[in-house]
Amino acid sequence: RVGYRRRRPMDAGQTPGCQTPGCGAPGGDVLAAQDAPGLLALPTEILVRVVSLLPAPEDVARAAICCKALSAPGPAAASVVEQALRRRAARAQRALPPRLPAEESSWTQFLLWDERRARVHDDRAAAA
């Protein structure tokens with residue numbers, strides 16, 4: 001039988017974890033069944049591939065917001081979302097700067113805006 005555990009009330013000062021059911025991140029709803037592992041039990045490369053195949057950059061942003069573990073950088077690598085956005089940029093043959101531009105606060109934010117700008121530019125070219 002697969003079921004969900006109820007969330008325990010948070011203690012004062014405790015921050016909420018991932019709110020995606022079955023995610024497996026600390027503080028989130030965790031599947032009670034042991035034969036149904038959470039999303040984060042998948043290898044990083046699979047997670048990157050799944051996120052990179054989402055249809056729009058807005059969907060990638062929603063995934064990052066829904067599960068903070070996807071947007072948190074790993075110990076030796078970029079976050080799952082950043083890796084997925086870099087993969088999307090390479091697939092679209094968009095050149096990326098070697099360093100984060102000074103006016104940007106994070107690679108994830110820069111890559112999301114870059115993809116959205118490219119899409120708007122492509123839409124205008126198709127309409128002309």
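This is a predicted model: local features need pLDDT of at least 70, side-chain atom pairs count only at pLDDT 80 or more; totals for chains, interfaces and linings use all residues.
Which residues have the most contacts inside the largest nonpolar core?

**View 1. The largest nonpolar core.** This core has 16 residues, and those with the most contacts inside it are Val-51, Val-60, Leu-70, Val-80, Val-81, Leu-85 and Leu-111. Four helices, α1 (44-52), α2 (57-66), α4 and α5 (107-127), each supply at least two residues of the core.

**View 2. Val-80 and its contacts.** When neighbours within four places in sequence are left aside, Val-80 is in contact with Thr-44, Leu-47, Val-48 and Val-51, and also with Leu-70.

**View 3. The helix α4.** With 12 residues, α4 reaches 16 Å from its first C-alpha to its last, which is close to the 16 Å expected at 1.5 Å a residue. Its buried residues are Val-80, Val-81, Glu-82, Ala-84, Leu-85, Arg-88 and Ala-89. An α-helix has 3.6 residues a turn, so residues three or four places apart point the same way. Just after α4, Gln-93 takes a positive phi of about 60°.

View 4. Ser-79 lies in the loop between α3 (68-71) and α4 (80-91). Because its relative accessible area is 3%, Ser-79 counts as buried, the cut-off being under 20%. A polar atom of the Ser-79 side chain lies 3.0 Å from the backbone nitrogen of Glu-82. Not counting residues up to four places away in sequence, Ser-79 touches Leu-70, Ser-71, Ala-72 and Pro-73, together with Thr-108.

Methods. Residues are numbered from 1 along each chain as its sequence is written. Side-chain values use heavy atoms; hydrogens and water are left out. Buried means under 20% relative accessible area, exposed over 50%, partly exposed in between (1.4 Å probe, protein chains only). A polar contact is a pair of N or O atoms within 3.5 Å; within protein, one must be able to donate a hydrogen and the other to accept it, and residues adjacent in sequence count only if both atoms are side-chain atoms. Contact means heavy atoms within 4.5 Å. A nonpolar core is a set of buried Ala, Val, Leu, Ile, Met, Phe, Trp, Tyr and Cys residues joined through side-chain atoms within 4.5 Å. The expected span of a helix is 1.5 Å times one less than its number of residues.
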